[in-house]
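User: Please examine the structure below and answer a series of questions about it.

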Amino acid sequence: MFKILSRTFTQHMKEPVRVVVTGGSGQIAYSLLFRIASGSLLGEHQPVILQIYDLPHMQSALKGVVMEISDGAFPLVHEIIASDTPSTVYADADYAFLVGAKPRGPGMERGDLLKQNGEIFVKVGQDLDKFAKKTVKVLAVGNPVNTNALIAMSNAPSIPKENFTAMTRLDHNRALCQLATYLNTEVHNIEKLVIWGNHSPTMFPDLTYTTLHNQKIKTKIDHIWYEKEFIPTVQQRGTAIIAARKASSAASAASAAVDHVRDWALGSNGQWVSMAVPSDLYNGEYGIPIGLIFSYPIVCANGSYQLVKDLKIDEFQHNKLRITVNELLKEKEAVVDLIRK
Ligand code: NAD
């Protein structure tokens with residue numbers, strides 16, 4: 001373990017909060033840690049203690065990352081703890097960004113990835129259960145995110161289920177930007193966009209309720225563009241980035257992770273956001289079976305989140321929802337032995 005000494009605060013009124021980032025020497029963490037350190041996550045008056053995990057053989061690289069954070073001289077960084085020891089990293093955590101995961105290697109089936117990363121998230125769930133605060137807010141970023149979050153949640157029985165979420169905010173942000181470009185407007189003029197389901201190509205980016213300047217846009221958009229261009233572009237954006245960059249999206253993923261947890265902690269100001277959360281909380285609403293981590297339209301306030309309820313679902317939406325539900329059920333089936341009953 002290496003630890004950068006705490007700084008003494010004279011001006012900040014708030015107690016520091018403990019923010020865990022796993023996969024600390026990876027690509028996403030390299031962007032995420034600096035955003036957290038700068039105050040983008042919890043605001044400019046909230047000091048943070050960064051608790052960073054990576055595997056034993058990554059400790060040298062992690063040490064370099066810690067040196068760079070330290071060299072940023074971020075006034076909000078109270079302390080940096082970096083380690084390969086879970087009891088150190090997860091201790092009293094307030095927030096946990098679960099980024100660490102194995103990338104999909106050449107020739108690896110999705111099923112292999114599910115199993116191998118699933119095993120990582122069993123351990124992460126158990127460690128959070130043992131060492132983190134019971135109020136910890138958890139965001140799974142490492143893929144396959146929805147099922148990984150489900151595995152971690154089931155292995156952390158002493159932490160409320162609603163504290164476990166998975167990231168579809170990158171898909172939400174991608175969809176916002178695609179739509180804003182199509183409508184020749186700025187993203188902040190658009191509201192009520194939804195990503196439903198799995199963070200995978202079966203996700204459903206839904207414009208049924210979306211507004212531009214508070215006016216519904218459904219009649220203004222070409223349905224062929226919506227079905228044949230918009231939906232596939234959002235669903236396949238991750239693959240397109242890998243093809244272009246020869247590496248998976250990293251800075252945009254980190255930015256979306258900050259958006260997700262910031263809104264959860266500080267509120268989304270009445271705006272709809274997309275978050276994958278336990279379907280158990282909503283008793284089959286919208287026909288989504290319980291027992292999944294599913295992306296829904298959500299509004300965040302007062303440190304928690306609520307489902308946007310009573311939306312009408314037409315047949316087109318229903319068919320899209322069924323596809324992504326079925327994929328999540330299959331993913332769950334593939335890792336059923338990792339899910340604690
Ligand atoms: P990366 O390969 O650069 O870094 C992954 C890090 O995880 C490495 O430092 C590695 O040592 C660490 N790691 C491996 N096994 C671990 C374990 N058992 N415990 C803890 N850490 C472990 O990858 P990246 O680009 O940072 O991406 C991380 C994950 O995020 C990947 O699974 C990627 O597919 C996923 N991702 C998700 C989204 C999303 O929108 N949800 C978007 C982009 C990437």
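The questions and answers below move from the domains to annotated sites, backbone geometry and salt bridges.

Analyst: This is a predicted model, in which local features need pLDDT of at least 70 and side-chain atom pairs count only at pLDDT 80 or more, while totals for chains, interfaces and linings use all residues. Residues are numbered from 1 along each chain as its sequence is written, and side-chain values use heavy atoms, with hydrogens and water left out.

User: How far apart do the C-alpha centres of domain 1 and domain 2 lie?

Analyst: The domain assignment gives domain 1 as 2–166 and domain 2 as 169–337; such bounds come from an automatic or database assignment. The contact between them, meaning heavy atoms within 4.5 Å, takes 32 residues from domain 1 and 39 residues from domain 2. The C-alpha centres of the two domains are separated by 24 Å.

User: Which residues of domain 1 lose the most area to domain 2?

Analyst: Buried area is the accessible area (1.4 Å probe) that two parts lose on being put together, summed over both. Domain 1 and domain 2 bury about 2,700 Å² between them, with 66% of it on carbon and sulfur atoms. Together accounting for 20% of what the domain 1 side buries, the residues that lose the most area are Lys137, Asn146 and Leu150.

User: Which element gives the largest share of the side of domain 1 that touches domain 2?

Analyst: Helices (H or I, at least four residues) and strands (E, at least two) are DSSP runs numbered from the N terminus. Elements that give two or more residues to this side include helix H1 (27–38), helix H4 (110–131) and helix H5 (145–154). With 7 residues, the largest share comes from H5.

User: Where does UniProt place the feature "active site", and is that residue buried or exposed?

Analyst: The unreviewed UniProt entry places this feature at His199; positions follow the numbering used here, feature names are shortened, and annotations may be inferred rather than shown by experiment. His199 lies in the loop between strand S9 (194–196) and strand S10 (204–206). Not counting residues up to four places away in sequence, His199 touches Asn143, Val145, Asn146, Met167, Thr168 and Asp171. Buried means under 20% relative accessible area, exposed over 50% and partly exposed in between (1.4 Å probe, protein chains only), and at 19% His199 is therefore buried.

User: Which residues does UniProt list for "binding site", and how far are they spread in space?

Analyst: The unreviewed entry lists Arg104, Arg110, Asn143 and Arg174. Among them, Asn143 is in the loop between S6 and H5, and Arg174 is in helix H6 (residues 169–183). Asn143 is partly exposed at 33% relative accessibility, whereas Arg174 is buried at 10%.

User: What is the omega of the cis peptide bond that joins Asn143 and Pro144?

Analyst: Most residues other than glycine have a negative phi, and most peptide bonds are trans. Pro144 lies in the loop between S6 and H5. The bond that joins Asn143 and Pro144 is cis, with an omega of about -10°.

User: What is the phi of Asp310?

Analyst: Asp310 lies in the loop between strand S15 (304–307) and helix H10 (315–334). This residue is exposed, with a relative accessible area of 70%. Its phi is positive in a residue other than glycine, near 60°.

User: How many residues apart are Lys115 and Asp337?

Analyst: A salt bridge is a side-chain nitrogen of Lys or Arg within 4 Å of a carboxyl oxygen of Asp or Glu. Lys115 forms one with Asp337, the closest N and O atoms being 3.7 Å apart. Lys115 is partly exposed at 31% relative accessible area, whereas Asp337 is exposed at 56%. The pair links distant parts of the chain, with Lys115 in helix H4 and Asp337 in the segment after H10, and their separation is 222 residues.

User: Why does the pair of Asp280 and Lys161 tie together parts that are apart in sequence, and by how many residues?

Analyst: Asp280 forms a salt bridge with Lys161, the closest N and O atoms being 2.7 Å apart. Asp280 lies in the loop between strand S13 (273–278) and strand S14 (293–301) and Lys161 in the loop between H5 and S7, so the parts tied together are apart in sequence by 119 residues.
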